[in-house]
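This briefing concerns the structure shown below. It is arranged by topic for reading beside the sequence and the model.

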Amino acid sequence: MGEAQDGGKYDPKGLRYLLNEFYSRWQILLMIVENGLGAEDQVEEDGAIHDEYCIAYMREHIRQMARAVIINGYGFYCQRLNT
């Protein structure tokens, strides 16, 4: 389990568990319509934002979801919250 800059907790493996559990119980496929990370961006002088923390967050959630897709199949929509 990880912790975001805003203090919120997140659990990529929990996402996979939930997806598999829902499919196991009800044989329904889910579309994740919101999965965002609250974080403060550090804007460089050239306007670039190097948010490796957000990339790592999304990478791990997508990796765990992909493990569930192998079994059941799902969709995923990413939303980025800027502060």
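**Nonpolar cores**

The largest nonpolar core has 6 residues in all: Ala4, Leu37, Ala39, Cys54, Tyr57 and Met58. A nonpolar core is here a set of buried Ala, Val, Leu, Ile, Met, Phe, Trp, Tyr and Cys residues joined through side-chain atoms within 4.5 Å. Buried means under 20% relative accessible area, exposed means over 50%, and partly exposed lies in between (1.4 Å probe, protein chains only). The model is predicted: local features need pLDDT of at least 70 and side-chain atom pairs count only at pLDDT 80 or more, whereas totals for chains, interfaces and linings use all residues. Residues are numbered from 1 along each chain as its sequence is written, and side-chain values use heavy atoms, with hydrogens and water left out.

- Helix H2 (residues 52-71) supplies the largest share of this core, 3 residues.
- Another core, of 5 residues, lies apart from it and includes Leu15, Ile32, Met65 and Ala68.
- In soluble globular proteins, nonpolar side chains tend to be buried together.

**Helix H1**

- Helices (H or I, at least four residues) and strands (E, at least two) are DSSP runs, numbered from the N terminus.
- Helix H1 covers residues 12-26, which makes 15 residues. From its first C-alpha to its last, H1 reaches 22 Å, close to the 21 Å expected at 1.5 Å a residue; the expected span is 1.5 Å times one less than the number of residues.
- The buried residues in H1 include Pro12, Leu15, Leu19 and Asn20. These residues lie on the same side of H1 because they cover an arc of only 125 degrees around the axis. The arc is that of the directions from the helix axis to the C-beta atoms.
- On the face of H1 turned away from its buried side are the exposed residues Lys13, Tyr17, Ser24 and Arg25.

**Aromatic pairs**

- The whole structure contains 2 aromatic pairs. Rings of Phe, Tyr and Trp (its six-membered ring) pair if their centres lie within 6.5 Å; planes under 30 degrees apart count as stacked, over 60 as edge-to-face and the rest as tilted.
- Tyr10 and Tyr57 form an edge-to-face pair, with 4.7 Å centre to centre and 80 degrees between the planes. Because Tyr10 lies in strand S2 (residues 9-10) and Tyr57 in helix H2, the pair ties together parts that are 47 residues apart in sequence.
- Tyr10 is partly exposed, at 23% relative accessible area, whereas Tyr57 is buried, at 5% relative accessibility.
- Phe22 and Trp26 form an aromatic pair that is edge-to-face, at 5.3 Å centre to centre with 90 degrees between the planes. Phe22 and Trp26 are 4 residues apart in helix H1, so about one helical turn separates them.
- Phe22 is partly exposed at 27% relative accessibility, and Trp26 is partly exposed at 47%.

**Salt bridges**

- The count comes to 2 salt bridges, a salt bridge being a side-chain nitrogen of Lys or Arg within 4 Å of a carboxyl oxygen of Asp or Glu.
- Glu21 and Arg25 form a salt bridge through their side chains, at 2.7 Å from N to O. Both residues lie in helix H1, 4 residues apart, about one turn of the helix.
- Glu21 is partly exposed at 22% relative accessible area, whereas Arg25 is exposed at 53% relative accessibility.
- Arg63 and Glu60 form a salt bridge through their side chains, at 2.8 Å from N to O. Arg63 and Glu60 are 3 residues apart in helix H2, so about one helical turn separates them.
- Arg63 is partly exposed at 43% relative accessibility, and Glu60 is partly exposed at 24% relative accessible area.

- His61 is placed in helix H2 and counts as buried, at 4% relative accessibility.
- The side chain of His61 reaches the backbone oxygen of Tyr57 at 2.9 Å.
- Lys13 is placed in helix H1 and counts as exposed, at 53% relative accessibility.
- Lys13 and His61 are 48 residues apart along the chain, and their C-alpha atoms are separated by 7.7 Å.

How values were computed:
A polar contact is a pair of N or O atoms within 3.5 Å; within protein, one must be able to donate a hydrogen and the other to accept it, and residues adjacent in sequence count only if both atoms are side-chain atoms.
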